[in-house]
Amino acid sequence: MVAYHYPPEGGSSGVLRTLKFSKYLPEFGWQPHVLTLRKSFYQVRDERLLEDIPKEVVVHRTFGVDTARHLSLRGRHLSALAVPDRLIGWLPFAVARGLRVIRKERIDALYSTCPAPSAHLIAWVLSRISGLPWLADYRDPWIEEGIFPRPGTLRYKFESFLEANVIRECTYMIATTPHLAREFRERYPQLEEKRVRVIFNGFDEADFTGLNASSWPKQFEILHAGLLSRSYRNPFKFLEVMSELMRKGQLSASLLRITFIGSGSWVDSHEFRNKVESLGLGNSVSIENRVSHREALERMTKAAVLLLLQASDDTRALIPAKAFEYLRVGRPILALTLPGATADLLHEQVNSFTVDPSEKESLATAVLSLYGSWSDRCARAVPEDIARYERRNLTRELTTILDMAVGQTRTGSR
């Protein structure tokens, strides 16, 4: 399993996908060997995630070079050294270690996950040399047509060439949503439908053991966990509606709390803080540093509403990993999103509101409805079909694909 995002890396929820796969693979007869980076490489760490790696998992940590960090001069680096990403300097070390592990441990199959695309390149080289079947897992797109890399540039042509080779060479391509799978098949018509599989992100039931969810939050707290972004996770329109509802007296300033946890550097900018102050929300908005995954789940269980932001054209095919944990928590969800994968997931869920953030009247109606439910002390509502997104069940789906890949390689078919 070739993965940059693996504990103790703590800067992305993407770390949970490979971690949970590796955790449950032994239950289905597979022995995971994880090829990743040394612990000291990661600038943001969540040490508690290491506790979730079972003894059956063998982790192979290698030296690596972050070309933007380690090869920079006075904070600047040559962009050509970060193609397809800053981890390209990890490739020679990972390939060397990977080949030794393949030969010594008699590895049967390869799995790589993107981001970062360099992980796919590492697996591509390993597969070419070893002849092993290979599953290329896409949590996010590599090439975002019309957005990144900039169309017509040399970088776009080169990275498109690299990804086309990944798609051609992998035994199976895995996407996290049907929408993302469809995008890949439209971009690569030669990618046969039988080689494309969908495994959603999800939640690990074991993570919720011992969490003490209060039945009724004493404050109307709307909580967002994770990164904010000016381009696709921008809460300004939401904050504008909240400000207007307070000004009209439809929301109580003394009862309202809007909490952003682990939102990244943008929330510390003058732009963000000035916006909050100009809306008169200085006493209602709380910006908190990132916490461990366990602490984040604890905070979710105690909020009145869980906020989801996913409103840009380039994220229509994606579902934030936190959405599945939001569903498992059972608190009402307010999703500011455009039609797409996230809206499809939440559309028919109890206590979930999906709203286009540009439709301020609809957003205000949703907030007031949620406020009323909180005032009436409505109970938590965990979806009945939530088990399909449980990490153990998702890993079972992965093992089915692994079994097929190995079987095809042994029979000489694809």
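Predicted model: local features only at pLDDT ≥ 70, side-chain atom pairs only at ≥ 80, totals over all residues.
Student: Let's start with Ser 229. Where is Ser 229 found?

Tutor: Look to the loop between β7 (220–225) and α7 (236–247), where Ser 229 sits.

Student: Does Ser 229 count as buried or exposed?

Tutor: The general idea is to compare relative accessibility with a cut-off: under 20% is buried. Ser 229 has 16% relative accessibility, so this residue counts as buried.

Student: Which residues is Ser 229 in contact with, leaving aside its neighbours within four places in sequence?

Tutor: With those neighbours set aside, the partners of Ser 229 are Asn 234 and Trp 266. There is also a polar contact of 2.9 Å between the side chains of Ser 229 and Ser 231. For a view across the chain, take Leu 309: 80 residues separate it from Ser 229 in sequence, while the C-alpha atoms are 9.4 Å apart in space.

Student: Now the helices. At what angle do α4 and α5 pack?

Tutor: Helix α4 (residues 117–130) and helix α5 (residues 154–169) meet at about 50°, and their axes are 10 Å apart. Angles from 35 to 65 degrees fall between roughly parallel and roughly perpendicular, and α4 and α5 are therefore oblique to each other. Their crossing is left-handed.

Student: Which residues make the contact?

Tutor: On α4, they are His 120, Leu 121, Trp 124 and Arg 128; on α5, Leu 162, Asn 165, Val 166 and Glu 169.

Student: How do the residues of that contact divide into nonpolar, polar and charged?

Tutor: Between α4 and α5 you will find 4 nonpolar, 2 polar and 2 charged residues in the contact.

Notes
Residues numbered from 1 in each chain as written. Heavy atoms only, no water. Helix = DSSP H or I, 4+ residues; strand = E, 2+ residues; numbered from the N terminus. Buried < 20%, exposed > 50% of the residue type's maximum accessible area, 1.4 Å probe, protein only. Contact = heavy atoms within 4.5 Å. Polar contact = N/O pair within 3.5 Å; in protein donor to acceptor, adjacent residues only side chain to side chain. Axes fitted to C-alpha atoms, helices over the stretch in contact; angles between N-to-C directions. Parallel < 35°, antiparallel > 145°, perpendicular 65-115°, else oblique. Left-handed = near helix turned anticlockwise from the far one by under 90°. Nonpolar A, V, L, I, M, F, W, Y, C, P; charged D, E, K, R; others polar.
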